[in-house]
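Here is a short tour to read alongside the sequence and the coordinates. Take a moment to look the chain over, and then let us walk through it together.

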Amino acid sequence: MASAGKFQVMTLTDAAADRVKELVGNSDKNAVGLRVGIKKGGCAGMEYTMDLVEEPKAGDDVIEDKGAKLFVDPSAVLFLLGTEMDFEVTKFRSGFVFKNPNEVSACGCGESVSLQAADLNALAR
């Protein structure tokens, strides 16, 4: 449970938590979780990044949800506030999907997004 006054940056659906646990469990490294971040790239300007974490970095925001552990890159926190991470399997692809309230637009293929920083004043209300 998040402490009073501090809300969790991201949440995971059951499917996403199960997939994170599966990736960590099947890793041939000593992974402890998955790091989520953003980088410049793609046709819409930004892409989500995900890497297995063996050693947490100072400043990472650590999220434990449904038995899965995420580490959020400090530079991505403001862009990911309020995001729900899901895992979908469709006829054409399988992968993590981000339902992000800070998303301004996305490219047609859904691989890159345009994000704005969360409005902390609006969240405090």
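How many salt bridges does a search of the whole structure find? The search turns up eight salt bridges. Please keep in mind that this is a predicted model.

**Overall layout**

The chain has 125 residues, and 38% of them count as buried. It holds three helices and nine strands, arranged along the sequence as β-α-β-β-β-β-α-β-β-β-β-α. Among contacts with a separation of 6 or more, 54% are between residues 24 or more positions apart. The accessible surface amounts to about 7500 Å², with 50% of it belonging to carbon and sulfur atoms.

**The nonpolar core**

The largest nonpolar core has 26 residues, and M10, V20, L70 and M85 are the ones that touch the most other members. At least two residues each come from several elements, including β1 (10–12), β5 (68–72) and β7 (94–99). Helix α1 gives the largest share, four residues. As a general background, nonpolar side chains in soluble globular proteins tend to be buried together.

Side chains of opposite charge can pair when their charged atoms come close.

| D60 | R35 | 2.6 Å |

E22 and R19 are three residues apart in helix α1, so about one helical turn separates them. E22 is partly exposed at 41% relative accessibility, and R19 is partly exposed at 25%.

D60 and R35 form a salt bridge. D60 sits in the loop between β3 and β4 (61–65) and R35 in strand β2, so this pair ties together parts that are 25 residues apart in sequence. D60 counts as buried at 12% relative accessibility, and R35 is buried at 10%.

Because D86 lies in strand β6 and K99 in strand β7, the pair ties together parts 13 residues apart in sequence. D86 is buried at 11% relative accessibility, whereas K99 is partly exposed at 39%. A network of salt bridges links E84, D86 and K99.

**A look at T83**

T83 belongs to strand β6 (residues 83–89). With 1% relative accessibility, T83 counts as buried. Its side chain makes a polar contact of 3.3 Å with the side chain of N100. Leaving out residues up to four places away in sequence, T83 touches V9, M10, T11, F98, K99, N100 and P101.

Terms used. Residues are numbered from 1 along each chain as its sequence is written. This is a predicted model: local features need pLDDT of at least 70, side-chain atom pairs count only at pLDDT 80 or more; totals for chains, interfaces and linings use all residues. Side-chain values use heavy atoms; hydrogens and water are left out. Buried means under 20% relative accessible area, exposed over 50%, partly exposed in between (1.4 Å probe, protein chains only). Contact means heavy atoms within 4.5 Å. Accessible areas come from the Shrake-Rupley method with a 1.4 Å probe; for residues, only the protein chains shown count as cover. A polar contact is a pair of N or O atoms within 3.5 Å; within protein, one must be able to donate a hydrogen and the other to accept it, and residues adjacent in sequence count only if both atoms are side-chain atoms. A nonpolar core is a set of buried Ala, Val, Leu, Ile, Met, Phe, Trp, Tyr and Cys residues joined through side-chain atoms within 4.5 Å. A salt bridge is a side-chain nitrogen of Lys or Arg within 4 Å of a carboxyl oxygen of Asp or Glu.
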